[in-house]
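Please keep the sequence and the coordinates at hand while reading.

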Amino acid sequence: VRGPMIQVSIAVEGTPDRAVAERLIRYVGGEPGPAYGGKGKGYLHKRIAAWNTAAQRSPWLVLVDLNSEGPCAPLLVDSWLPNRARLLCFRVAVREVEAWLLADHQEMSRFLRVRSSMIPHNPEMLADPKSEVLNLARRSRCRAIRMDMVPRPQSGRKEGAAYSSRLAEFARHSWRPEEAASRARSLAGAIACLERLVQHGRVSTSACRPDGSDEPLGEPR
């Protein structure tokens, strides 16, 4: 008999990351809980200890990008939080969450309206996955994609005004984690971590359910 739905609280850097986190939690059979962060990586670093404390009582997923910080994800995790609570799934996207989205190359090609052969098959090897997404969007056959995702000349922006919302839309409605995990090792690890977290929650529900009495640990998005 399937146990109760396990709620997992979320802390992420921005809008696409939240959509990815929620999609992954649902994929493993959990329920996305309150989302915190949305203020960049520095804010997550400042709050990670508080969320780790909260994860002694209820499940949490904290998702950050590796970017150019160090050669590998485990070193970043250990530098931020050497001792992790048993209900904390602290995962690092190599090198950005865009790599995880690119890893489903067939759906990404449909979404961006570009040939599938243009999507890199080893996105975790890219130095800057976000730039790759932007370059693909520039070559899109869909004018709306180009207008929404690519920054306009002399705008001073690094991406188009609807870049984040477009990627979040893709993550929620088209992205296939099971397909992407075969081309993104850090994503496969995140899925395995969440599967263990949700399974543990079903075994010991009383320890994993938020008691509802805590004050918010960050600003809800």
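Arg84 is partly exposed, with a relative accessible area of 39%, where buried means under 20% relative accessible area, exposed means over 50% and partly exposed lies in between, computed with a 1.4 Å probe on protein chains only. The model is a predicted one, in which local features need pLDDT of at least 70 and side-chain atom pairs count only at pLDDT 80 or more, while totals for chains, interfaces and linings use all residues. Residues are numbered from 1 along each chain as its sequence is written, and side-chain values use heavy atoms, with hydrogens and water left out.

**Salt bridges**

The partner of Arg84 is Asp78, and their side chains meet in a salt bridge with an N to O distance of 3.5 Å; the term stands for a side-chain nitrogen of Lys or Arg within 4 Å of a carboxyl oxygen of Asp or Glu. Asp78 is itself partly exposed, at a relative accessible area of 39%. The structure holds eight salt bridges, and three of them are set out below.

| Salt bridge | N to O distance |
|---|---|
| Glu22 and Arg18 | 2.9 Å |
| Asp78 and Arg84 | 3.5 Å |
| Arg110 and Glu107 | 2.8 Å |

Glu22 and Arg18 both belong to helix α1 (residues 15-27), where they stand four residues apart, about one turn of the helix; helices (H or I, at least four residues) and strands (E, at least two) are DSSP runs, numbered from the N terminus. Glu22 counts as buried at 10% relative accessibility, whereas Arg18 is partly exposed with a relative accessible area of 21%.

Arg110 and Glu107 both lie in helix α5 (residues 105-112), three residues apart, which is again about one turn of the helix. Arg110 counts as partly exposed at 48% relative accessibility, while Glu107 is buried with a relative accessible area of 18%. Elsewhere, salt bridges that share partners join Arg18, Glu22 and Arg172 into one network.

Leaving aside neighbours within four places in sequence, Asp65 is in contact with several residues, among them Glu13, Asp17, Lys41, Leu76 and Arg95, contact meaning heavy atoms within 4.5 Å.

Leu76, found in helix α3 (residues 73-80), is buried, with a relative accessible area of 4%. Beyond its neighbours within four places in sequence, Leu76 is in contact with Lys41, Val64, Asp65, Leu66, Glu69, Phe90 and Val92. Between Leu76 and Pro123 there are 20 Å in space, C-alpha to C-alpha, and the two are 47 residues apart in sequence.

**Backbone geometry**

Most residues other than glycine have a negative phi, and most peptide bonds are trans. Against this background, the peptide bond from Val94 to Arg95 is cis, with omega near -15°, and Arg95 is found in the loop between β4 (88-93) and α4 (97-102).

Arg113 has a positive phi of about 60° although it is not a glycine; Arg113 lies in the loop between α5 and α6 (129-138) and counts as partly exposed at 39% relative accessibility. For Gln154, also a residue other than glycine, phi is near 65°. Gln154 has its place in the loop between α7 (143-149) and α8 (163-173), and is exposed, with a relative accessible area of 86%.

**The protein as a whole**

The secondary structure comes to eleven helices and four strands. A compact globule of 221 residues would have a radius of gyration near 17 Å, and the protein, with 17 Å, agrees with this; the radius is taken over C-alpha atoms, and the globule rule is 2.2 Å times the number of residues to the power 0.38. Taken along the principal axes, the C-alpha atoms fill a box of roughly 50 × 40 × 30 Å.

Of the 221 residues, 52% count as buried. Among contacts with a separation of 6 or more, 73% are accounted for by residues 24 or more positions apart.
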